[in-house]
Amino acid sequence: MGRHGWNSGARRWRLTALLGVGVAALALVVTLLNTLPGDGGGTAGTTRDGDKVHGTPVTPPGSPRPDVGWGFTHTQFSADEGSDAAVERAEGLLEKQSVPQNQHIMGWGADNPEPSKGRYDFSAMDGRIDFVRKTGGTPVVTLCCAPDWMKGGKAGAGNTDWSQSSLETAPERSHYEDFAALAATVAKRYPDVRHFIVWNEFKGFWNNSEGRWDYEGYTELYNLVYRALKKVDKDIMVGGPYLVMDSLDPRQKDGASTTVKGTWGAMDQRVLDAFDYWNKNKAGADFVVVDGSSYTNDDEMLPDEFAATDKLTAVGKWVRARTHDLPLWWAEYYVEPADGEDERNGWSETHRVAVQAAGMIAMVKGGASSGFYWNPEDEKGTNCPGCLWTPTDTASGGGKLPMYDLVTRFGKEFAPGTAYRSVSVAADDVPNVRVLATDRTVLVVNTLDRSISAKIDGKRFEMGAYEVKWLTR
């Protein structure tokens, strides 16, 4: 889809300005000197030992479990860079609780990991993994995207095409094995990463001629990567297919599922067909991954923004019915449509957090045990709608924001293996609240833009407009 911040973070290695003709000429000379005959391009900044273990891995004892809980995905800008004081402040937040953290291998803050075949540059990726280790998080790696030479582009350091169309191109079939080899290299470099997601949103796998997803191509790539990772370490956890679970307006009949539907709309049957093919033909999986939004592909929230989250429950139940004991992960989940600039800033933060909480509750009710909030972090400024912490460009940054409290508290209270309990809700409150409970905790969300007096679990209390409240049982 490419709607969710594909930015590469290329600022990590690009020159910030041209300083004159002389410097440009010097750069050209350096590039030529670093170009070896037959290697397909420049090699400056690359090494041949990509599979050399980086840093000091922090590997928990025993075999990993296939679900990791609720955390977030690093995007182009994160707290691994910026003012030292701000970075330390953000690190301090995360160090208080082990939070699963997901990072892609190319794009979203990571540079091209293999600019030419056999020549690696993991400098930016190393920084992100170091950040996860330092903050005590559980590292997860999404194996996307592919170096240019694997998809018909130009090889060589400095030749990466960071345009959205290029980044969202899948490897050519003749390079599927090369991509699997890159995945194995990543696994060897970071042996404490025990969970890998294969690719992102079927990017580049649309079959234009047939008007459907190229699920055969994706599954072939997935199987090669799965086997390559298991060869590195049989205990590595691997999952897919990371499909976007698109839904259509309920009035639309063409391409709409006749079985997976509700007041929120109907699932796009082409997505369900792609999932079923992967599920039937996969070499194996330790967990299953999907992503998607509560709204339709026309950005309609039906019948409203809170009731639309019922889609996440319906999708989860459909997936779980087909994959049985495999843990269900949501790699991304969205409850607020974006504008033309891919910004989600039309709601107040109180409203945003409330709908987000309702969406997370809906995912749990659909059988999900893990999920990753797509952190829309800004590089600078003080206004960062939906972010987990304030931008770290200045010494005052790195402070927690309301969404951070929701995501981390949710992960703490509703970890994998949690036993959920039902609670009593007064009849007149049922339409107005969303509730999720364990033996110890009750999460309550007021879905109205006004205060209410609610009676839940035998207790009566006041709730402000769109308030999210945690009760102790």
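Predicted model: local features only at pLDDT ≥ 70, side-chain atom pairs only at ≥ 80, totals over all residues.
Residues are numbered from 1 along each chain as its sequence is written, and side-chain values use heavy atoms, with hydrogens and water left out.

**View 1. Eight strands close into a barrel.** The strands (DSSP runs of E, at least two residues, numbered from the N terminus) follow the order β1-β2-β3-β4-β7-β11-β12-β13, and their pairing, for which DSSP must find at least two bridges between two strands, is parallel. Neighbouring strands of this sheet are turned by 25° against each other on average, direction ignored.

**View 2. Strand β12 pairs with strand β13.** Residues 328-334 form β12 and residues 368-374 form β13, and the two run in the parallel sense over three bridges. Within this pair, Trp329 stands opposite Ser370 in β13.

**View 3. Helix α5 meets helix α6.** The axes of α5 (residues 176-189) and α6 (residues 215-232) come within 8 Å and cross at roughly 35°, where axes are lines fitted to C-alpha atoms, for helices over the stretch in contact, and angles run from 0 to 180 degrees between N-to-C directions. Helices are DSSP runs of H or I with at least four residues, and contact means heavy atoms within 4.5 Å. Among the residues that meet are Phe179 and Ala183 in α5 and Leu221 and Leu224 in α6. The residues of this contact divide into twelve nonpolar, one polar and three charged, with Ala, Val, Leu, Ile, Met, Phe, Trp, Tyr, Cys and Pro counted as nonpolar, Asp, Glu, Lys and Arg as charged, and the others, Gly among them, as polar.
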